[in-house]
Amino acid sequence: MKETMMKEFRGRVDAYLDRSIEDFYKNIPFAQHQLQGSEINLTYYKRHNIETILRLRRKRTIDALAIRYFTKVDPVTAKAWAHYTDDEMLHDRLFAADLKKVGVSKEEIYSTEPMLATKILTGYLQYGIEYEGTPLALIASVYFVEYVTTRTQPDWLDNLEKRLGPEKVQGQRAHVGTDLDDQHDDFVWGVLETLVKSEADEAKVFMHLQDIYRLWQMYFLELYRLTVD
């Protein structure tokens with residue numbers, strides 16, 4: 001019975017995420033640039049990948065807090081999340097390797113001040129663990145990222161490869177390839193299921209997804225205004 005209920009719940013979540021992607025492409029300035037742009041704005045492209053690295057670095061700390069939580073209440077999930085975190089831990093190097101090929105050094109990457117949207121996202125996820133008592137916000141956010149990434153990034157990379165050359169997106173291809181090959185969205189959903197025990201929890205998941213989507217919009221608006229407008 002629970003399996004059927006969770007399948008229905010996931011269907012509603014995925015439908016919301018599909019609508020979010022559609023809304024993003026329709027309403028956020030420059031949202032389709034990497035997907036369809038014939039001439040890539042390198043300032044935008046570089047800053048986006050720098051920020052991706054900065055977010056990945058900060059997420060490591062939040063993942064450690066989630067592992068700490070699971071060690072107390074669900075050691076099996078703690079082991080699984082530790083393995084997932086280990087798999088993702090150094091993916092910032094993949095993006096850094098691509099940036100090096102377009103003239104961005106590690107020194108430039110790691111001396112860059114994170115955007116406001118990144119700082120707010122980090123604080124939001126940490127708040128969920130430390131003050132709400134569970135990593136529900138984090139796991140919902142990771143599901144958002146895994147779902148959206150696997151349904152947008154391959155097409156973005158196809159276009160970027162045409163415009164910049166395949167050698168300049170090898171790291172990003174490897175990152176997305178891991179997500180697809182290992183079916184990370186299914187794995188993360190399985191972890192999310194362990195935290196959803198009631199209709200109230202389902203409502204919290206949707207609340208977090210809506211907040212994460214707002215922060216996602218905020219990030220791309222900030223990126224656009226910083227580099228293009």
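This briefing describes the helices, nonpolar cores and selected residues of one predicted model.

Because the structure is predicted, local features require pLDDT of at least 70 and side-chain atom pairs count only at pLDDT 80 or more, whereas totals for chains, interfaces and linings use all residues. Residues are numbered from 1 along each chain as its sequence is written, and side-chain values use heavy atoms, with hydrogens and water left out. Helices are DSSP runs (H or I, at least four residues), numbered from the N terminus.

**Nonpolar cores**

- The largest nonpolar core holds 51 residues, of which Phe24, Trp81, Leu138, Ile139 and Phe220 touch the most other members. A nonpolar core is a set of buried Ala, Val, Leu, Ile, Met, Phe, Trp, Tyr and Cys residues joined through side-chain atoms within 4.5 Å. Buried means under 20% relative accessible area, exposed over 50%, and partly exposed in between, with a 1.4 Å probe and protein chains only.
- At least two residues of this core come from each of helix 1 (2–27), helix 3 (42–73), helix 4 (75–88), helix 7 (116–131), helix 8 (136–164), helix 10 and helix 11 (199–227).
- Helix 8 supplies the largest share of this core, 11 residues.
- Another core, of 17 residues, lies apart from it; Ile50, Ile53, Phe95 and Ala96 are among its members.
- In soluble globular proteins, nonpolar side chains tend to be buried together.

- Helix 8 is mostly covered, with 21 of its 29 residues buried.
- A kink of about 40 degrees, centred on Thr149, occurs in helix 8. The bend at a residue is the angle between axes fitted to the seven residues ending there and the seven starting there.
- Gly165 follows helix 8 and has a positive phi, near 105 degrees.
- Leu138 touches Ile62, Asp63, Ala66, Trp81, Leu125 and Ile129, not counting residues up to four places away in sequence. Contact here means heavy atoms within 4.5 Å.
- Ile139, also placed in helix 8, counts as buried because its relative accessibility is 0%.
- Beyond its neighbours within four places in sequence, Ile139 is in contact with Phe70, Trp81, Val188, Val191, Leu192 and Leu195.
- Ile139 and Asp92 are 47 residues apart in sequence, and their C-alpha atoms are 20 Å apart in space.

**Helix 10: Val191**

- Val191 belongs to helix 10 (residues 184–195) and is buried, since its relative accessible area is 4%.
- The contacts of Val191 are Phe70, Thr77, Trp81 and Ile139, not counting residues up to four places away in sequence.
- From Val191 to Leu209 the separation is 18 residues in sequence and 16 Å in space, C-alpha to C-alpha.

**Packing of helix 3 against helix 7**

- Two packed helices are described by the angle between their axes and the distance between the axes.
- For helix 3 and helix 7 the angle is about 10 degrees, and the axes are 10 Å apart. Axes are lines fitted to C-alpha atoms, for helices over the stretch in contact, and angles run from 0 to 180 degrees between N-to-C directions.
- Helix 3 and helix 7 are therefore roughly parallel to each other; angles under 35 degrees count as roughly parallel, over 145 as roughly antiparallel, 65 to 115 as roughly perpendicular and the rest as oblique.
- On the helix 3 side, Glu51, Arg55, Arg58, Ile62, Leu65 and Ala66 meet Thr118, Leu121, Thr122, Leu125, Gln126, Ile129 and Glu130 of helix 7.
- The residues of this contact comprise six nonpolar, three polar and four charged. Ala, Val, Leu, Ile, Met, Phe, Trp, Tyr, Cys and Pro count as nonpolar, Asp, Glu, Lys and Arg as charged, and the others, Gly among them, as polar.

- Phe220 lies in helix 11 and counts as buried at 3% relative accessibility.
- Phe220 touches Phe24, Ile28, Tyr44, His48 and Trp156, not counting residues up to four places away in sequence.
- Gln217, likewise in helix 11, is buried with a relative accessible area of 18%.
- Arg47 is found in helix 3 and counts as buried at 12% relative accessibility.
- Leaving aside neighbours within four places in sequence, the contacts of Arg47 are Thr112, Glu113, Pro114, Met115, Tyr219, Leu223, Leu226 and Thr227.

**Loop residue Phe30**

- Phe30 lies in the loop between helix 1 and helix 2 (33–36).
- Phe30 has a positive phi, near 70 degrees, in a residue other than glycine.
- With a relative accessible area of 27%, Phe30 is partly exposed.
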